[in-house]
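Here are some notes for a colleague who is opening this structure for the first time.

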Amino acid sequence: MKNIRNKACAAALVLTSAFADTGQTQQSGNESIERELDTYRSMMKSDPWSNPAMLDVDRGEALWKTPAGPNNVSLEQCDLGLGPGKVDGAFAMLPRYFTDADRVMDVEARLLWCMENLQGFDRVKLLTRPHPSAGMPVKDLGAIATYLAYRSNGRSFSAPFSHPKEKAVLALGETLFFHRTGPMDFACSTCHGESGKRIRLQSLPFFSKPQEARKILGEWPAYRVSTAHVMTMQHRIYDCFWQMRLPEVELGSDVSIALISYLVKQADGGEIKIPGMKR
Amino acid sequence: MSAKPRIRLPDSVTIGEIIEIKTLMAHPMETGARRNADGTLVPRLLLHTFEAKFQGKEVFRAALHTGTAANPFISFFMKVPGPGEFEFIWIEDGGGRTIERKTLKTT
Amino acid sequence: MTNRRNLIMGLSALAAWTRCAGTAEAQGLPPPAVESVVKTLVGDATPIGGRISLDLPEIAENGNTVPYTVRVESPMIDGDYVKAVHLLAPANPHPRIGSFFFTPQSAKASISSRMRLAQSQEVVVYAEMSNGAIYTAKRSVKVTIGGCGG
């Protein structure tokens with residue numbers, strides 16, 4: 001039964017891709033569907049307080065402040081770049097280079113480092129299945145990251161990328177964004193390298209265009225309705241790689257930080273409005 | 001149920017005012033019809049009841065079913081008779097309860 | 001006729017998606033017939049139109065979470081108030097969405113929440129008044145299922 005269903009799914013994938021690619025002739029039909037979908041989207045977003053991701057923001061705040069791990073300390077001494085425990089506006093300046101780790105890190109990689117080095121958590125355990133499956137809530141690290149991102153709400157992405165290592169990571173990110181690889185010969189730019197592209201009814205932002213990057217990036221982490229949980233940026237990258245049939249992206253890996261850096265740079269000046277609400 | 005629910009009450013209210021009360025609770029609302037990656041069914045687990053009491057008296061109640069989305073959001077109204085204590089109760093299959101109390105002050 | 005062919009392809013694709021998402025089997029018990037559920041809720045009363053407004057999007061991007069507001073006109077005083085509002089999704093494996101019980105102190109028979117819809121359908125509301133009268137309203141929602149294994 002499962003095989004037949006999968007074949008039907010595959011067939012439907014082909015059909016809907018073909019349907020989506022007809023472009024011009026369906027223009028007016030697509031536009032009216034987009035308008036009706038906008039009603040749904042604005043109803044969902046109309047009350048930010050009621051975004052279910054706020055429950056994870058609350059949880060993340062509690063986790064940040066509660067002593068945990070073998071060392072039984074809270075994360076309040078974790079330096080996110082503005083000094084130990086300084087949370088307001090820290091996310092808006094990430095990714096950045098950290099001297100103590102001698103590495104450029106995004107918020108999740110930095111949290112991983114603090115959870116390991118301050119609280120004494122086992123790194124391997126933190127890296128094992130770090131992202132939630134459908135229906136499961138975001139895990140602790142992701143919840144804390146969502147809280148930290150929330151504390152930069154209203155600010156603009158303003159990571160300077162001035163340190164030599166930051167510049168190097170940014171260059172790597174740009175290269176990776178356009179690098180075609182894997183069994184489907186996909187790069188990020190295959191889907192995100194042009195304006196107006198769509199998969200089924202999901203529109204694909206053109207990330208190399210700052211105007212589009214600025215609008216979208218500030219909405220992550222976001223509550224994903226289809227999976228009923230919060231998806232962080234690291235999870236988003238992981239899932240994209242999975243969709244491209246590329247090897248698993250490790251949380252906080254160089255590849256993930258490089259790509260996030262490129263996206264953040266493209267979104268420079270864009271407003272942070274977290275948590276987002278997505279399909 | 002371990003997550004702390006969100007409850008929104010207006011900051012200051014006047015007696016006789018009709019206020020909107022918003023609640024948001026983390027819960028998967030498993031219907032019993034969803035499948036795991038390995039094909040097995042995820043067991044049903046619903047938050048089946050939400051009660052709102054003011055000064056010990058029930059003001060509003062909800063019976064939730066499989067057609068209610070995960071992380072239930074419930075928003076309803078009440079006319080303020082005076083200052084007092086709210087008690088909000090969420091009950092899930094199996095009897096697990098989450099109780100939150102909030103004080104309502106009037107000007 | 002490129003337009004028509006594309007439309008047919010698109011619609012059959014949508015239908016295939018619906019099969020993919022699957023009208024799920026209930027665990028154990030067979031799903032109750034909608035008619036018997038309605039009978040349990042409103043008894044033998046003949047529902048009448050009016051008084052109810054049901055805010056729903058015309059298209060839901062994902063049926064997992066569909067926001068709604070139900071409002072029923074009523075003075076909401078002792079002896080003349082809305083006792084209960086019941087929402088049904090007849091095309092769901094189990095048709096009940098939720099039932100909401102008011103008191104005169106509610107002052108407004110208005111509830112906002114989020115429903116879960118398995119497929120495009122007509123959502124039905126029943127409002128039970130304190131004098132036993134039953135009102136009803138319905139509203140169609142198209143559900144696009146954005147993802148299946150991807």
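**Notes on a helix packing and an interface**

1. Helix α7 (residues 164-178) of chain A packs against helix α11 (residues 254-266) of chain A at an angle of about 90°, their axes lying 7 Å apart. The two helices, α7(A) and α11(A), are therefore roughly perpendicular to each other, a term for angles of 65 to 115 degrees.

2. Among the residues making this contact (heavy atoms within 4.5 Å) are A:Leu170, A:Phe177 and A:Phe178 of α7(A), together with A:Ile257, A:Tyr262 and A:Leu263 of α11(A). By class, the contact of α7(A) with α11(A) has twelve nonpolar, two polar and two charged residues.

3. This is a predicted model, in which local features need pLDDT of at least 70 and side-chain atom pairs count only at pLDDT 80 or more, whereas totals for chains, interfaces and linings use all residues. Residues are numbered from 1 along each chain as its sequence is written, chains are lettered from A in the order in which they are written, and side-chain values use heavy atoms, with hydrogens and water left out.

4. Turning to the interface, 35 residues of chain B are in contact with 26 residues of chain C. The area buried between these chains (accessible area lost to a 1.4 Å probe, summed over both) is about 2,500 Å², of which carbon and sulfur atoms give 50%. In chain B, B:Gly67, B:Phe73 and B:Phe77 lose the most area to chain C, together 21% of what that side buries.

5. Across the interface of chain B and chain C, the rule finds zero salt bridges, a salt bridge being a side-chain nitrogen of Lys or Arg within 4 Å of a carboxyl oxygen of Asp or Glu.

Key:
Axes fitted to C-alpha atoms, helices over the stretch in contact; angles between N-to-C directions. Helix = DSSP H or I, 4+ residues; strand = E, 2+ residues; numbered from the N terminus. Parallel < 35°, antiparallel > 145°, perpendicular 65-115°, else oblique. Nonpolar A, V, L, I, M, F, W, Y, C, P; charged D, E, K, R; others polar. Buried area = accessible area lost by both parts, 1.4 Å probe.
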